[in-house]
Amino acid sequence: MNNFETLISGNKPVLVDFYADWCRPCKMMAPVLEDVKSQVGDQATVIKINVDESPALAAQYGVQSIPALFIFKQGQVVWREVGVHRSSQLVAALRQFV
């Protein structure tokens, strides 16, 4: 997943949602993430990684529970939480790293 490494290595913060299609809390996060995208615009990137399709990547970052939310900046994890969050929480977290 070289694309992933390139994406998280920039100066712009990247919010990554590790999820699975069968996960109900993960489904609850979908509209929240859309709201976050609309609020941060091009100041940050928001992506979703399906743990069933990318198990090695999930394992690399120690994902054991989903939804697992990470913020990366310059290739480093700068923030990490598990569970459902409000868009205001995620926007505030992202703005710390803009």
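Visitor: Where does the charged end of Lys-48 sit?
Guide: Over the ring of Tyr-19, 4.2 Å from its centre. Keep in mind that this is a predicted model.

Visitor: OK, rings then. How many aromatic pairs are there?
Guide: The count comes to seven. One of them joins Tyr-61 and Phe-70, with ring centres 6.1 Å apart. Their planes stand at 65°, so that pair is edge-to-face.

Visitor: And Phe-70 with Phe-72, how are those rings arranged?
Guide: They are stacked, because their planes are at 15°. The centres lie 5.9 Å apart.

Visitor: Are Tyr-61 and Phe-70 buried or exposed?
Guide: Both are buried. Phe-70 has a relative accessible area of 1%.

Visitor: What about Phe-72, buried or exposed?
Guide: Buried as well, since its relative accessibility is 0%. The cut-off for buried is under 20%.

Visitor: Which residues do the ring pairs link into a cluster?
Guide: Phe-4, Phe-18, Tyr-61, Phe-70 and Phe-72.

Visitor: Switching to strands. In which sense do strand 3 and strand 4 pair?
Guide: Antiparallel, over six bridges. Strand 3 covers residues 68-73, and strand 4 covers residues 76-82.

Visitor: Which residue in strand 4 is the bridge partner of Ile-71?
Guide: Trp-79.

Visitor: How many residues lie between strand 3 and strand 4?
Guide: Two, and the strands form a hairpin.

Visitor: What is phi for Gln-74 in the turn?
Guide: Positive, at about 55°.

Key:
Residues are numbered from 1 along each chain as its sequence is written. This is a predicted model: local features need pLDDT of at least 70, side-chain atom pairs count only at pLDDT 80 or more; totals for chains, interfaces and linings use all residues. Side-chain values use heavy atoms; hydrogens and water are left out. Two strands pair if DSSP finds at least two bridges between them. Helices (H or I, at least four residues) and strands (E, at least two) are DSSP runs, numbered from the N terminus. Rings of Phe, Tyr and Trp (its six-membered ring) pair if their centres lie within 6.5 Å; planes under 30 degrees apart count as stacked, over 60 as edge-to-face and the rest as tilted. Buried means under 20% relative accessible area, exposed over 50%, partly exposed in between (1.4 Å probe, protein chains only). A charge sits over a ring if NZ of Lys or CZ of Arg is within 6 Å of the ring centre and within 35 degrees of the ring normal.
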